[in-house]
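User: I'd like to go through the side-chain contacts in this one with you. Could you start with the covalent links and then move on to the rings and charges?

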Amino acid sequence: MIRHFIAAALILALVGGATKEAAACQGDCGGDGEVTVDDLILSVNISLGAADVGQCPSVDTSNDGEVTVDEIIGAVNSALSGCAEPAVPTPTPTATPEPSPISSCADGFFRVAFADARDTNANTATLDLGKVTAVDQIDPSSNTYIWVISGNVCTAVPGEPARAIALQGIGQPDRIKAGAYAVASPVPPFLSLSYMETKVTLDPTQNFIHNWAANGGALVLEDAGGGALRFHASGVTMAKGLVFHGATGTFTLDVTGTITRVTHN
């Protein structure tokens, strides 16, 4: 069950928003012309056996009753590109994408620093993430809380892998709030941090999803006033995750930043 929630959080970390066009497309579980975060979470749960494919038949494009990684990638692409017929991009090899200023990104900022990298195919350059999502909701089955905190780049670079982090809490006694927390604790409440690199293009042979999951570390959230929280995850040891294949090696993360808004569902 814990792996199911982690997979959902990783997908959440990738999606910065979808273009709303009224057209059927892969992963549109609700038939409303867009692929939402909830649709992506449901698709991942179907692939892991935690939900029935009948709840989202549009993601199963092969009609074999199963949801594969390729089909999840297709759903993510629908969320990122919208459900309208995709336009063929005009090549502009000399153009340099204008980065979005951090102030225009949603609800916070993270800086991710890598250290002690060993035999990894991860991009270990320092990473700035400006799109921050922090959501908690109650799990009525246990009367505890689920946390999802994620961040991704402000502006994706076409053809380049997207990089993101996601932190998820399971069985938390309280909503997201200031405090000190153990990452990858072997006993409840569980708190996991993941790093993902994903590439989605029109060429399926070039697409991949690689993820690394925390084996240990610590998180400190401090009250920054006005509902904001300062975020510092330190000494977070990372190894290849179990959800998607292809990641190699190990490294350590230090993540600092600020969450400016927490959504309580």
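User: How many disulfides does the structure hold?

Analyst: The structure holds one disulfide, a term that here stands for a pair of cysteine sulfur atoms within 2.5 Å. Its partners are Cys-29 and Cys-56, with their sulfur atoms 2.0 Å apart. This is a predicted model, in which local features need pLDDT of at least 70 and side-chain atom pairs count only at pLDDT 80 or more, while totals for chains, interfaces and linings use all residues. Residues are numbered from 1 along each chain as its sequence is written, and side-chain values use heavy atoms, with hydrogens and water left out.

User: Is the disulfide of Cys-29 and Cys-56 left-handed or right-handed, and why?

Analyst: The torsion about the S-S bond is about -85°, so the disulfide is left-handed. Cys-29 sits in the loop between helix 1 (2-14) and helix 2 (37-47), and Cys-56 in the loop between helix 2 and helix 3 (69-81), so the pair ties together parts 27 residues apart in sequence; helices (H or I, at least four residues) and strands (E, at least two) are DSSP runs, numbered from the N terminus.

User: Switching to rings, how many aromatic pairs turn up?

Analyst: Searching the whole structure gives seven aromatic pairs, where rings of Phe, Tyr and Trp (its six-membered ring) pair if their centres lie within 6.5 Å, with planes under 30 degrees apart counted as stacked, over 60 as edge-to-face and the rest as tilted. One of them joins Trp-147 and Tyr-181 edge-to-face, at 5.2 Å centre to centre and 80° between the planes. Trp-147 lies in strand 4 (residues 144-152) and Tyr-181 in strand 6 (residues 179-182), so this pair connects parts that are 34 residues apart in sequence.

User: Are Trp-147 and Tyr-181 buried or exposed?

Analyst: Both are buried, meaning under 20% relative accessible area, whereas exposed is over 50% and partly exposed in between (1.4 Å probe, protein chains only).

User: And which residues make up a ring cluster?

Analyst: Phe-114, Tyr-195, Trp-212 and Phe-251 are linked into a cluster by ring pairs.

User: Now charges: how many salt bridges are there?

Analyst: The count comes to five salt bridges, each a side-chain nitrogen of Lys or Arg within 4 Å of a carboxyl oxygen of Asp or Glu. Among them is Asp-136 with Arg-175, whose closest N and O atoms are 2.8 Å apart.

User: Is Asp-136 buried or exposed?

Analyst: Asp-136 is buried, at a relative accessible area of 0%, whereas Arg-175 is partly exposed at 27%.
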